[in-house]
Amino acid sequence: NSIYKNITASKAKDEKLLAVLIDPDKMNLNDASRFISKVNQSIATHIFVGGSEVDEGLTDSLVIEVKKYTNLPVVLFPGDVIQITDKADGILFLSLISGRNPDYLIGKQVEAVSKLAKTNLEIIPTGYLLIENGKETAVQRVSETKPIQRKDLQTIKDTAKAGELLGLKLIYLEAGSGATHAIEPHIISEVKQQLNIPLIVGGGIRTKTEIEAAYKSGADIVVIGTAFEDNEAFFDKLKKQQIHN
Ligand code: 1GP
């Protein structure tokens, strides 16, 4: 369970983490090597792979390709059970605790067990909270759940805390892929104050300023997908510092 240990160790040292999200439905296999070389040169620490709607088999072949070019941990962030592949290093074992659809709270997880038993994936139980961002997102449509309203801060905080009390190991605040409004800093910091476990924030984050704002408010891991898909030059703004001897 080294992925989770590393996350908690980073949290303890206040070292911030950045996950690049790759949607197998959107990434062409031929583009993977170029894309991953950009990831390698950036401050990214993790690669997440997943999407709301991904055809069977695509995740497997993409993860194989990605692993050829990087040593970063590849963590599944699955929208469905068919996205489980033993080629990755770990999996965010998600429960959509902002919603009230039993399939996404426990049903898919039960379905996943026999598949997971055939893998060596590090399983990281994760409470997943969808927060309203101004437009309908894929997660909302596919899971047929309502996001929690941004203004309903108490429910957001209590839901995140309930996830921790249930024994989940991470809380993921999600505005939705391509969200017009990323999770607001005050929401992040209020949630952070409730939690002892690490906090992931993603959805609609497009600039270095927004990444830093999320970190400053208490995000331990920031997830970015769309901004890199739309513009790989964004990686150049997030280059690792050169070390000169
Ligand atoms: C989506 O949180 C992730 O599940 C990332 O969102 O694609 O908007 O960066 P973006």
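Trainee: In this predicted model, which residues of β2 point one way and which the other, and are they buried or exposed?
Mentor: His46 and Phe48 point one way from β2. Ile47 and Val49 point the other way. As for cover, the four residues His46, Ile47, Phe48 and Val49 are buried.

Trainee: Which strand is joined to β2, and by how many bridges?
Mentor: The strand runs parallel to β2 and covers residues 17-22. Within this pair, Ala19 stands opposite His46. The strand is β1, and the number of bridges is 4.

Trainee: Where is Ser52, and is this residue buried, partly exposed or exposed?
Mentor: Ser52 is in the loop between β2 and α3. The relative accessibility of Ser52 is 22%. Buried requires under 20% and exposed over 50%, so at 22% Ser52 counts as partly exposed.

Trainee: How far apart in space are Ser52 and Val139?
Mentor: In sequence, Ser52 and Val139 are 87 residues apart. From C-alpha to C-alpha, the separation of Ser52 and Val139 is 6.1 Å.

Trainee: Is Val54 buried or exposed?
Mentor: Val54 is placed in the loop between β2 (46-49) and α3 (58-69). The relative accessibility of Val54 is 7%. Because the limit for a buried residue is under 20%, Val54 counts as buried.

Trainee: Which residues does Val54 touch, not counting those up to four places away in sequence?
Mentor: Glu132 is 78 residues from Val54 in sequence and 23 Å away in space, C-alpha to C-alpha. A contact needs heavy atoms within 4.5 Å. The residues that Val54 touches are Asp23, Pro24, Asp25, Thr59, Ile82 and Gln83.

Trainee: Why is β4 described as largely enclosed by the rest of the structure?
Mentor: Strand β4 covers residues 90-96. It is largely enclosed because the count of buried residues in β4 is 6 of the 7.

Trainee: How many bridges join β4 to β5?
Mentor: Strand β3 (residues 74-76) runs parallel to β4 and is joined to it by 2 bridges, with Val75 of β3 having Gly90 as its bridge partner in β4. Strand β5 (residues 122-130) also runs parallel to β4, and Leu92 has Ile124 as its bridge partner in β5. The number of bridges that join β4 to β5 is 7.

Trainee: In which sense do β6 and β7 pair?
Mentor: Strand β7 (residues 199-202) has Leu199 and Val201 pointing one way, Ile200 and Gly202 the other, and all are buried. Ile171 stands opposite Leu199 in β7. Strand β6 (residues 170-174) and β7 share 4 bridges, and the sense of the pairing is parallel.

Trainee: What is the phi of Asp14, and is this residue buried or exposed?
Mentor: Asp14 is in the loop between α1 (2-12) and β1. Its phi is near 60 degrees, a positive value in a residue other than glycine. With a relative accessible area of 55%, Asp14 is exposed.

Trainee: Where is Glu144, and what is its relative accessible area?
Mentor: Glu144 has a positive phi of about 50 degrees although it is not a glycine. The residue is in the loop between α5 (138-143) and α6 (153-165). Glu144 is exposed, and its relative accessible area is 69%.

Trainee: How many helices and strands does the protein have, and why is it called as compact as a globular protein of its length?
Mentor: The secondary structure comes to 9 helices and 8 strands. For 245 residues the globule rule gives 18 Å, so a radius of gyration close to that value makes the protein as compact as a globular protein of that length. The radius of gyration is 17 Å.

Trainee: What percentage of the residues is buried?
Mentor: The C-alpha trace spans about 50 × 40 × 35 Å along its principal axes. The protein exposes about 11600 Å², and carbon and sulfur atoms supply 50% of that area. Of the 245 residues, the buried ones make up 52%.

Trainee: How far apart do the centres of the positive and negative side chains lie?
Mentor: The protein has 29 positive side chains and 32 negative ones. The centres of the two sets lie apart by 5 Å.

Definitions and conventions: Residues are numbered from 1 along each chain as its sequence is written. This is a predicted model: local features need pLDDT of at least 70, side-chain atom pairs count only at pLDDT 80 or more; totals for chains, interfaces and linings use all residues. Side-chain values use heavy atoms; hydrogens and water are left out. The radius of gyration is taken over C-alpha atoms; the globule rule is 2.2 Å times the number of residues to the power 0.38. Buried means under 20% relative accessible area, exposed over 50%, partly exposed in between (1.4 Å probe, protein chains only). Accessible areas come from the Shrake-Rupley method with a 1.4 Å probe; for residues, only the protein chains shown count as cover. Lys and Arg count as positive and Asp and Glu as negative; His and the chain ends are not counted. The place of a charge is taken as NZ of Lys, CZ of Arg, CG of Asp or CD of Glu. Two strands pair if DSSP finds at least two bridges between them.
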